[in-house]
Each structure stands twice: as structure tokens, then as C-alpha cells.
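I opened this entry to keep track of what I looked up, residue by residue and then for the chain as a whole.

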Amino acid sequence: MKGVALVTGAASGIGEECAKSFVEEGCVGVIFADIDLDRAEEAAESALASVNSTSARSRVLALKVDVSDPTSVDSMVSKAVGAFGRIDYCVHSAGVGAQQPSSILNMSSAEFEDSQSINITGTFNVIKAVGRQMVTQTPLAETTRRGAKMSRGSIVALASCHSFAAARNLSQYITSKHAVLGLTRSAALDLASHGIRVNAVCPGWVDTPMVSKAASGIPEIRNYIEKLVPFGRMAETQEVSEVVLFLSSSRASFVTGAAWVVDGGLTRRVFTST
Ligand code: NAD
């Protein structure tokens, strides 16, 4: 993959792994964007350090962004384009889990609104700003086993297995992740005539700081995951980034508006006594 990649939420977890993978793929530029600029800078440095120094090196750039703020998102896109001239792949991984799990009967409006402004409005802001940039670009020729394929851009949003199914005490998060999938599908249709693909990846449990934070008050959660997930474990971040990279690449040139579930079978199971 030779183009320019922009990853939000790149300071941690799935976003950090995706940004690192774009560096490993040899993209000419990789932007690590996050609300935590110090951590994004560390992640960018560490990704560069992990790549063999003799191979072609990407240039990296860390940017501060608050995805819930359209002005901040527009500024991120214009700085990225100022540095690298274009954006070919965008992975939108910035998001928040449930800060305070509780029944809808006790959930504060502020808690509910916070999740929606980061997870839903953030997704809208990023797809809109990146999409507006991509439509102006000349397509990029990507080499595949069967010759060159032209791509004007790909956007992958991190949705969740909670985009399809609910769980108790998480209505703020579950509402937001259902909406992320709706936005992805709508944007896919709006951008298809421009040759831009928009897809969602829907993980189950992934071993990241977001999950450690959620599990910190519930010590038995790892046991619970082992019992519920057919593979008996959480995903590693790399198992998600591999799917994100496939969807970003021209190997997925006819895939748009899709929701790729990466959950170790969690949402396929039927509960029985055995
Ligand atoms: P994480 O907490 O490790 O990383 C999220 C990153 O987003 C952090 O670096 C954080 O600073 C950044 N961020 C938060 N608010 C922001 C804002 N307003 N602007 C810019 N950056 C912001 O989380 P993760 O587990 O890597 O999750 C990444 C995405 O994947 C999220 O959308 C999450 O909902 C989704 N997801 C995660 C899991 C899981 O089990 N970890 C499962 C399903 C879906």
C-alpha cells in the first residue's frame, strides 16, 4: 500500500495498531491523530522504530484532534493534506466506551450525550471532512496481483458487535454504535459515485485499554469472556487491524457499505446449557 493513511484514535488500542500496520505496509505518509497528542507522538515514534530501517520508510505525523468538534476535524484534514498532499485511507477508531455503566433508569443525560457526541458526531465529522478531501483527488493506482487498480479512497469506521446487539446497562454505547453503522452505510451510498468506499469493522472483545478500563471494576470479566466467546479469548488488536487493512486496500475494491464482524463467533452463538 503506497498511499497516505490517516488514523484517528491512533494513540491507543485498535487505532494505534492500524496506524502501525500502515507504516509496516510502507505507506508514504501515516497520520497518527488523537485527542492525546503526547501519546500519539509516542505511538508514531514507536511504529517507526518497529520497522526494519533498511526497508522503505513512511513519514509519520502526529496531530491533535477532538473528533466531536468539526473545526478540529477540518483542521486535522487540512494539516494532513498540507503535509502529504492527499488522504487515501482513513481509519476512524477514536471513540469512547461506557464511562459509567448503568440502567437507562439511572443514566444521566450528560453521560448519554457525551457518548453520542464523540462516537456518532465524531464519525459524521470525520467521514464528511475526509470524504470532501477524497472527492477532489486524482485516483491512486494500486498494484495488485492482477495489475493496477485505481482507488480514490477508502474509509473504515470502527463500529462494534454492539452495532447489532444490545447488552444491559450500556444504552449510551449501544445507541452510538448502532448509529455508527447507519452512518457508514449511508456514507457508502453517498460516496460510491465518487469511487470512494466506506466500510465498518465490528469487533467483539478486543484486548485494549478501553476494555481494561471497563473491566477494572469487574474482576471476573476475563472469566466471563472466556466462557462467552467461542474462541475462549479476546481478540488481539492485530486480528482487527488485518481486516481493516484488507478493507482499506484495493483487494476489497468492490466492498462498500459492509459491516465486517470480527468477534470470534460471539454474536453467532445461541445459548444452551452446554
Ligand atoms: P482505546 O481507548 O484503546 O483507544 C481509543 C482512542 O480514542 C484513545 O487513544 C483516545 O484518546 C481516543 N479518543 C477518545 N476520544 C477522542 C476524541 N474526542 N477525539 C479524538 N480522539 C479521541 O479504544 P479501542 O479499544 O482501541 O477502541 C477503538 C474503537 O474500537 C472505538 O470506537 C471502540 O468503540 C471500538 N471497539 C472497541 C472494542 C474493544 O473491545 N476494544 C470492541 C468493539 C469496538
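**Asparagine 169**

I started with asparagine 169, which counts as partly exposed because 15 C-beta neighbours lie inside 10 Å. The cut-off for buried is 20 or more, and for exposed 12 or fewer, so a count in between gives partly exposed. The model I am reading is predicted. I placed asparagine 169 in the loop between strand E7 (153-158) and helix H5 (171-192). Then I checked its backbone. Phi is positive, about 65°, although asparagine 169 is not a glycine. Most residues other than glycine have a negative phi.

**Glycine 29**

Is glycine 29 buried or exposed? I found 21 C-beta neighbours inside 10 Å, so glycine 29 counts as buried. Glycine 29 belongs to strand E2 (residues 29-34). I listed its contacts, leaving aside neighbours within four places in sequence: Val4, Ser58, Arg59, Leu61, Ala83 and Phe84. Valine 240 is 211 residues from glycine 29 in sequence, and their C-alpha atoms are 21 Å apart.

Next I went to the loop between H4 and E5, where proline 139 sits. Proline 139 has 14 other C-beta atoms within 10 Å, so I noted it as partly exposed. Beyond four places in sequence, proline 139 contacts Met150, Ser151, Arg152 and Gly195.

How do E5 and E6 pair, parallel or antiparallel? I read strand E5 (residues 140-144) and strand E6 (residues 147-151) as antiparallel, over five bridges. The two strands form a hairpin, with two residues between them. Alanine 141 stands opposite methionine 150 in E6. Methionine 150 is also one of the contacts of proline 139.

**The ligand shell**

Which residues are closest to the ligand? I wrote down Gly9, Gly13, Gly95, Thr208 and Met210, out of 29 residues that surround the ligand. Helix H1 (13-25), helix H4 (109-134) and helix H6 (209-215) are the elements that give two or more residues to this shell. I got 15 nonpolar, eleven polar and three charged residues.

**The nonpolar core**

The largest nonpolar core has 71 residues. I asked which members touch the most others, and noted Val7, Ala19, Ile31, Phe32, Ala33, Val130 and Val201. Not counting residues up to four places away in sequence, valine 201 touches Val156, Leu158, Ala159, Val240, Val243, Val244, Leu247, Trp260 and Val262.

**The whole chain**

I counted eight helices and nine strands in the protein chain. Of its 274 residues, 44% count as buried. The C-alpha trace spans about 55 × 40 × 35 Å along its principal axes. I compared the radius of gyration with the value for a compact globule. For 274 residues that value would be near 19 Å; the protein chain has 18 Å, so the two agree.

Definitions and conventions
Residues are numbered from 1 along each chain as its sequence is written. This is a predicted model: local features need pLDDT of at least 70, side-chain atom pairs count only at pLDDT 80 or more; totals for chains, interfaces and linings use all residues. Helices (H or I, at least four residues) and strands (E, at least two) are DSSP runs, numbered from the N terminus. The radius of gyration is taken over C-alpha atoms; the globule rule is 2.2 Å times the number of residues to the power 0.38. A residue is near a molecule or strand if its C-beta atom, placed from the backbone, lies within 6 Å of it. Ala, Val, Leu, Ile, Met, Phe, Trp, Tyr, Cys and Pro count as nonpolar, Asp, Glu, Lys and Arg as charged, and the others, Gly among them, as polar. A nonpolar core is a set of buried Ala, Val, Leu, Ile, Met, Phe, Trp, Tyr and Cys residues joined through C-beta atoms within 7 Å. Two residues are in contact if their C-beta atoms, placed from the backbone, lie within 7 Å. Two strands pair if DSSP finds at least two bridges between them.
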